[in-house]
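Colleague: I'm new to this one and would like a close look at a single part. Please pick one and walk me through it slowly.

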Amino acid sequence: MALTRDQLMNAQGVPLRKVSLPEWGDDAHVFIRPMPARIGELFANLKEGDDEAEHEATQRALIACVCNEDGSALFSDGDDVHAMPIVAFKRLADAIVTYNGMTDEGAAELAGNSNGSPGDASPSS
């Protein structure tokens, strides 16, 4: 299936991932969506020990990726997501980088979801 510009630019059709937050109860959860490339590039360009840049990249990732079940943003640019409890912050940040293939586990998951075509990292059906 050939994708449209809008589908690519808005990650239309890409599944969301449910992230459980058991600290708030057995069924407490939010969803995460794919990370925009501009934020992924912030992570890719981080320098060892640059805590301020890592802080900014993580904040932007949470604002861009944490969403409601319908894919709408849960946070806005003015939200200080670093004010949330650290356990939730870390769980969400870890889920986002894994879902977006930015860890060894996430990269392996993306590779495992490929149907074998070059450049195809879509979930297999």
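Modeller: Buried means under 20% relative accessible area, exposed means over 50%, and partly exposed is in between, using a 1.4 Å probe and protein chains only. This is a predicted model, where local features need pLDDT of at least 70, side-chain atom pairs count only at pLDDT 80 or more, and totals for chains, interfaces and linings use all residues. Residues are numbered from 1 along each chain as its sequence is written, and side-chain values use heavy atoms, with hydrogens and water left out.

Let's start with R60, which counts as partly exposed because its relative accessibility is 42%. R60 makes a salt bridge with E56, with 2.5 Å between the closest N and O atoms (that is, a side-chain nitrogen of Lys or Arg within 4 Å of a carboxyl oxygen of Asp or Glu). Both R60 and E56 sit in helix α3, 4 residues apart, or about one turn of the helix (helices, H or I and at least four residues, and strands, E and at least two, are DSSP runs numbered from the N terminus). E56 is also partly exposed, at 35% relative accessible area.

Now hop over to I39 in helix α2. With a relative accessibility of 5%, I39 counts as buried. Skipping neighbours within four places in sequence, I39 is in contact with A57, R60, A61 and A64 (contact means heavy atoms within 4.5 Å).

The largest nonpolar core has 24 residues, and L62, L92 and I96 have the most contacts within it (a core being a set of buried Ala, Val, Leu, Ile, Met, Phe, Trp, Tyr and Cys residues joined through side-chain atoms within 4.5 Å). At least two residues each come from β2 (29-32), α2 (37-44), α3 (51-65) and α4 (86-99), and α4 contributes the most, with 8 residues. Take I96: again leaving out neighbours within four places in sequence, I96 touches I32, M35, A61, L62, C65 and V66.

Next comes the sheet. Three strands form an open sheet in the order β1-β2-β3, with antiparallel pairing (two strands pair if DSSP finds at least two bridges between them). At the edges are β1 (17-20) and β3 (66-67), each pairing on one side only. Helix α4 packs on this sheet and touches β1, β2 and β3, with its direction at about 155° to that of β1 (axes are lines fitted to C-alpha atoms, for helices over the stretch in contact, and angles between N-to-C directions run from 0 to 180 degrees). Between β1 and β2 there are 4 bridges, and K18 stands opposite F31 in β2.

E23 is partly exposed at 39%, and R91 is partly exposed at 30%. K90 and D94 also meet in a salt bridge, 3.0 Å from N to O. K90 and D94 are 4 residues apart in helix α4, so about one helical turn separates them. K90 is partly exposed at 49% relative accessibility, and D94 is partly exposed at 36%.
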